[in-house]
Amino acid sequence: MRTAILGISAYYHDSAAVIIVNGKIIAAAQEERFTRKKHDAGFPINAVRFVLQQAGLELNDLTAIAFYDKPLLKFERLLETYHAFAPAGVLSFVSAIPVWIKEKLFMKKLLRKQLKQLGNGNIPLLFPAHHLSHAASAYYPSPFKEAAILTIDGVGEWATTTISHGQGKNIKILKELRFPHSLGLLYSAFTYYLGFKVNSGEYKLMGLAPYGHAAAQQTLEFEQKILNELIDIREDGSFILNMKYFRFATRLTMTDDKRWEKLFGFPRRLPESEITQQHMNLALAIQRVTEYIVIALARTAQQLTNCKNLVMAGGVALNCIANSKVRQTMLFDEVWIQPAAGDAGGALGAAFAAHHIVYGEERRFISAGDSMQGAYLGPEYHDQDILGLIYKYDATYTHFENFEDLTKGLSKIIADGKIVGWFQGRMEFGPRALGNRSIIADPRNPEMQNRINLKIKAREEFRPFAPSVLQEDAEQYFKTTQSSPYMLFIEALKDELRCPEPPGYDQLHIYDRLYHQRSGLNAITHVNYSARIQTVSRETNPKFWQLINAFKTLTGCGMLINTSFNVRGEPIVCSLHDAYWGFMRTDMDYLVLGNYLFDKRLQKYSPTKALQNNFAPD
């Protein structure tokens, strides 16, 4: 049976659309990339239009449309939660329930209304449960014929954590932890209390944690207060939250700030205010608790399934430090994590669940690796599109007939300390730039971390950068023997590459540690001598591999800094116009679009003048 299934996630955050045909992923994209609204929660009309076009299909050609959760169950959870906590939460109730009754409760009608923009047709609508969608997104594209499945996020309908068993084309849910007891929401509560934005600032909390003093009395006390007052953890990794400290169940905020201030001894940090050592110590404390819980859950998953392989999804699966701790336990031979582990990936899982569970189709396997195709599943652009952009902005450029000549010249530019916007092939699916929509630079340059953070990304100085390293060279730099194509694991830098620590290094002020020369690869070496690495294979991304290899030939260094091509508050660039606009209004030195190289010094277009004239690129 031929199947063409459209998967959709929408109406919470990170809306996305995916299409699979006969079990193969044809295209996937997040709506934010098209609308330029970060974490866009609206119906992903642009993403749906793109994936259908990429597959060469009309709406009526689809076998089914799968939505990533069950709205009726979610509504049931809302009603029961408000009832359980009444009279608390009346303002939130008055705000949320009318929206549900008017729109979200009747999801079929809402979806069909939106889909009418693309054509008429009575395509079957399917609604797999939220955590089944997460589980399917992790298991079906993985390279394993059997695996334990661990999904951890904020909340779906009722479930916040599930342990499942994937075998052949089937997924069986074995254990489930229910709302309001949620590791994702616990971590988000600390994200909020430490002054970062929920559902986007969790990365910052994870990056801040290594600045905490591991052996400090305050850090140990914070950890004990979390364990004694906020959460009761059981041996199997399940837990109960002390809800008197939290407000996410019934109100439009995360924490009871007065109780938290009394517990931890300082008030909630306001966004953009100074970060002090107590904030870093608290970040480390909750990171440790998170790791403990994830490891305990992974151990339970292994005991329940007796599997040699583990797959993971859900927002918490983007916590690279916890992922690495799980892998280091050696509970499993291999650990594979969905690169779009958050709600965007739910669209992919919903489509896979429909294909394999509803329609009973067998799984497809490729000869080696997973079936995510490197997560290069979004739009791509060609020479004629680049020439159109050049004409529009009267841009000055150098064109290279030979890609090898481009990479040789670009290697010299990067080695000279320049920062380059790199735009090639199909856009990545998920939150990480994997070498097609990237800002790249020399990892050996000790000034590069600060320069990119402040002058280009406009983000906090403490944020680390990831290295993209040739897969065959990773063991030269890091204590690893495993690949990491999706930047989902942390690896320690080899001891011989580290610079000596000054006396009392762990006790130094954040900026003294930040600007200390930690290694000859200082720009990618975090304060704890680790890095969130991407191993780049010649087979998966030949162009990015060729660039890194050219840089290695010139410098002897087989890696580059790779950070996402965006500025703070904006999604990763999608189109050529997004890339050129971002290049011109930041301190990037060069831009590469395909085989075209743009030098900032030679450009005539002024984005400052364009903004004054209320003009922006299409």
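Strands S1 (residues 4-9) and S2 (residues 16-21) run antiparallel and are joined by six bridges; strands here are DSSP runs of E with at least two residues, helices are runs of H or I with at least four, and both are numbered from the N terminus. Leu6 faces Ile19 of S2 across this pairing. The model is predicted, so to speak of local features a pLDDT of at least 70 is needed, side-chain atom pairs count only at pLDDT 80 or more, and totals for chains, interfaces and linings use all residues. Numbering starts from 1 along each chain as its sequence is written, and side-chain values use heavy atoms, with hydrogens and water left out.

The S1-S2 pair belongs to an open sheet of five strands, ordered S3-S2-S1-S4-S5 with mixed pairing; two strands pair if DSSP finds at least two bridges between them. Strands S3 (24-30) and S5 (125-126) are the edges, each with a single partner strand, so one side of each has no neighbour in the sheet. S4 in turn pairs with S5 in the parallel sense over two bridges, where Ala66 stands opposite Leu126.

Strand S4 (residues 64-67) is covered on both faces: Ala64 and Ala66 on one side, and Ile65 and Phe67 on the other, are all buried. Buried means under 20% relative accessible area, exposed means over 50%, and partly exposed is in between (1.4 Å probe, protein chains only). In a regular strand, side chains alternate between the two faces of the sheet.

Charged side chains come next. The structure holds 25 salt bridges, each a side-chain nitrogen of Lys or Arg within 4 Å of a carboxyl oxygen of Asp or Glu. One of them pairs Glu460 with Lys204, whose closest N and O atoms are 3.1 Å apart. This pair links distant parts of the chain, 256 residues apart: Glu460 is in the loop between helix H16 (448-455) and strand S16 (466-470), and Lys204 is in helix H8 (residues 202-208). Glu460 is buried at 13% relative accessible area, and Lys204 is buried too, at 16%. Arg601 and Asp599 form another salt bridge, at 2.6 Å between the closest N and O atoms; here Arg601 is exposed at 65%, whereas Asp599 is buried at 10%. Salt bridges that share partners also join Lys204, Glu272, Glu460, Arg463 and Arg568 into one network.

Rings pair up as well, with 27 aromatic pairs in the structure. Rings of Phe, Tyr and Trp (its six-membered ring) pair if their centres lie within 6.5 Å, and planes under 30 degrees apart count as stacked, over 60 as edge-to-face and the rest as tilted. Phe246 and Trp260 have ring centres 5.8 Å apart and planes at 85 degrees, so this pair is edge-to-face. Both Phe246 and Trp260 are buried. Tyr580 and Phe598 are also edge-to-face, at 6.1 Å centre to centre and 70 degrees between the planes. Tyr580 is in helix H20 and Phe598 in strand S22 (residues 596-599), 18 residues apart. Helix H20 (residues 576-584) itself is mostly covered, with nine of its nine residues buried.
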